[in-house]
Amino acid sequence: MHEQQPEPDRRVEPEREPEPEREPEPERRRERRRSPVKHRAILDAAVEVFCAQGYARTSVDAIAAVAGVGKQTVYGHFGDKERLFLAAVDHARAGFRPDRAELIPDTGDPRADLTAIGQRILEIALDPAVSALHRLTIAELPHHPELQRAWREGAEPIMDTGLAGYLRARHSAGTLSVPDPVAAARQFAYQLITEARVATAYGTQPLAAPMRRDIAARAADLIVRAYRPESP
């Protein structure tokens with residue numbers, strides 16, 4: 001006789017509820033998970049490659065290779081080449097951005113103070129990396145006009161807060177008569193930076209420290225003369 005085989009179990013498994021879809025991880029949380037070491041390496045590489053090859057010829061692949069990361073890592077940190085360029089510009093300037101106490105002396109002598117302030121601003125504006133990135137920005141403005149915003153926004157805190165604050169204090173003290181400190185601050189900064197950039201062929205030629213001082217002193221003298229308090 002054949003041994004009777006047990007019948008297969010025909011019990012039906014209850015249907016499982018589908019797992020709810022996970023919501024995408026918030027961008028800020030993803031950003032925290034990104035390596036700050038890689039972030040800095042990408043920025044350093046971007047400054048190097050953009051300065052050497054120009055904006056149009058630079059590829060994300062080249063930046064990734066210099067940084068020692070994958071191309072997708074670069075995109076994960078910065079999104080696209082344009083945003084990486086803007087970040088590289090800010091990164092290059094940040095290394096030479098002094099705090100306000102260092103940049104804005106206040107000895108009570110406006111001519112001497114503005115000369116010192118002007119020299120420090122020129123050290124930042126004429127740094128080779130900053131100058132190279134500024135030239136790239138100018139070249140790319142017809143295609144990416146928003147790039148100019150990076151320079152304007154980077155300069156405004158120094159002019160509108162630091163310099164304007166200094167001139168406002170001199171106005172209150174009666175040393176100078178400056179009814180519009182923000183406008184005067186911009187006049188001073190644009191005057192000295194424009195003269196220095198022309199003298200250096202937009203940062204392609206060095207400018208010796210005595211020349212930087214002369215340019216800063218002339219700009220300071222113009223401001224002091226223009227905003228001299230009226231005689232009683």
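A residue is called buried here when its relative accessible area is under 20%, exposed when that area is over 50%, and partly exposed in between (1.4 Å probe, protein chains only). On that scale, buried residues make up 36% of the 232 residues in the protein chain. The model is a predicted one, so to speak of local features a pLDDT of at least 70 is needed, side-chain atom pairs count only at pLDDT 80 or more, and totals for chains, interfaces and linings use all residues. Residues are numbered from 1 along each chain as its sequence is written, and side-chain values use heavy atoms, with hydrogens and water left out.

The chain turns out to have eleven helices and zero strands, where helices (H or I, at least four residues) and strands (E, at least two) are DSSP runs numbered from the N terminus. With contact meaning heavy atoms within 4.5 Å, residues 24 or more positions apart account for 69% of the contacts with a separation of 6 or more. The accessible surface comes to about 14,700 Å², and 51% of it belongs to carbon and sulfur atoms; areas like this come from the Shrake-Rupley method with a 1.4 Å probe, and for residues only the protein chains shown count as cover.

Buried residues in α7 include Leu114, Ile117, Ile121 and Leu122.

Some of these turn up again in the largest nonpolar core, which has 27 residues, with Leu114, Ile117, Leu122, Leu163, Leu167, Phe188 and Leu192 having the most contacts inside it. A nonpolar core, for the record, is a set of buried Ala, Val, Leu, Ile, Met, Phe, Trp, Tyr and Cys residues joined through side-chain atoms within 4.5 Å. Helices α7, α9 (147–173), α10 and α11 each supply at least two residues of this core, and α10 gives the most, with seven. Leaving aside neighbours within four places in sequence, Leu122 is in contact with Leu192, Ile193, Ala196, Arg212 and Ile215. A second, separate core has 23 residues, among them Leu43, Val49, Val69 and Ala88.

Then there are the charges. Counting a salt bridge as a side-chain nitrogen of Lys or Arg within 4 Å of a carboxyl oxygen of Asp or Glu, the total is eight. Glu195 and Arg218 form one of them, at 2.5 Å from N to O. That pair links distant parts of the chain, 23 residues apart: Glu195 sits in helix α10 (residues 181–199) and Arg218 in helix α11 (residues 209–226). Glu195 is partly exposed at 26%, and Arg218 is partly exposed at 41%.

Two other pairs stay within a single helix. Arg40 and Asp44 bridge at 3.2 Å, four residues apart in helix α2 (residues 36–57), about one turn. In α11, Arg225 and Asp221 are also four residues apart, with their closest N and O atoms 2.7 Å apart. Shared partners join Arg111, Asp221 and Arg225 into one network.

On the outside, Ile138, Val198 and Tyr202 form a nonpolar patch with about 280 Å² of accessible area together. Patches are made of residues with over 30% relative accessible area and no salt bridge, like charges being joined within 9 Å and nonpolar side chains (Val, Leu, Ile, Met, Phe, Trp, Tyr) within 5 Å. Val198, in helix α10, counts as exposed because its relative accessible area is 56%.
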